Amino acid sequence: MILHHVPGSRSMRVLWLIEELGLDCQLRLWSLTDGSLRSAEFRALSPAGRIPALEIDGRPIFESGAILQYLTEREGRLAPEPGAPERADFLEWLHFAETQACILQALNIHHIFLRPESARSIPLMRLDTRRLAVTARTLDDHLAGRQTLLSVFSAADCMLGFNIEAVFRFLPAADYPALAAYRDRMTARPAYRRALARAGGDAIYERDFYEVPDA
Ligand SMILES: N[C@@H](CCC(=O)N[C@@H](CS)C(=O)NCC(=O)O)C(=O)O
């Protein structure tokens with residue numbers, strides 16, 4: 001198994017789940033900024049040139065949610081089976097993680113990657129920060145009084161739990177206490193720590209917190 005990985009990116013979801021499942025995998029590291037994701041070699045693995053891709057069972061798979069679902073079905077663990085009472089909840093949270101991650105990606109582009117700074121749109125940064133706040137409020141409400149997204153830990157926690165460090169680069173953690181406590185529980189998990197130690201942490205953020213600049 002070979003995981004195509006960028007530290008701090010969505011491939012962390014896959015590496016974390018691989019550690020939770022106790023599977024072996026090799027890592028191949030890429031960069032988000034050196035143009036290599038647009039190479040023919042990488043696009044044969046992931047056609048839109050996006051991280052992650054996982055080579056497994058004789059083929060590559062792209063899309064982090066698809067990879068997580070494939071791994072849970074292959075191993076028969078860490079997801080409710082089709083027909084089980086929490087299956088629909090599992091699928092909802094698995095995909096909700098990408099609703100939130102797309103907003104985070106837009107904020108990353110505006111706050112970090114887009115140059116010159118005058119190319120940024122402050123109204124769009126405000127809009128995306130408000131849209132992110134709706135997702136964070138949804139999670140904070142859901143997680144009040146709960147340990148995990150479902151009744152037990154599942155791959156949905158790897159998919160969504162990965163986002164939360166980034167959420168709090170743009171929203172104050174103090175406004176979302178249940179979500180902040182969830183983030184702390186998830187990032188303290190031994191498998192998460194092993195994944196982090198193996199792959200390196202975030203390579204994207206230089207600051208703890210990014211305010212929307214004044215117009
Ligand atoms: N929905 C995809 C999104 C993949 C994605 O956008 N990955 C980012 C890294 S977190 C990427 O490769 N960005 C490079 C780019 O946008 O050019 C997934 O969940 O795998």
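C158 is buried, with a relative accessible area of 0% (buried means under 20%, exposed over 50%, partly exposed in between, with a 1.4 Å probe and protein chains only). This is a predicted model, in which local features need pLDDT of at least 70 and side-chain atom pairs count only at pLDDT 80 or more, while totals for chains, interfaces and linings use all residues. Residues are numbered from 1 along each chain as its sequence is written, and side-chain values use heavy atoms, leaving out hydrogens and water.

C25 also counts as buried, at 9% relative accessibility. A disulfide is a covalent bond between the sulfur atoms of two cysteines. With the criterion of a pair of cysteine sulfur atoms within 2.5 Å, the count comes to zero disulfides. The cysteine sulfur closest to that of C25 belongs to C158, and because it is 13 Å away, it is too far for a bond.

Helices (H or I, at least four residues) and strands (E, at least two) are DSSP runs, numbered from the N terminus. Strand 1 (residues 2-5) pairs with strand 2 (residues 26-29) in the parallel sense over four bridges; pairing requires that DSSP finds at least two bridges between the strands. I2 has Q26 of strand 2 as its bridge partner. Together with helix 1 (residues 11-21), the two strands make a right-handed β-α-β unit: with the strands pointing away from the viewer, the path from the first strand over the helix to the second runs clockwise.

F113 lies in helix 4 (residues 87-113). F113 is partly exposed, with a relative accessible area of 36%.
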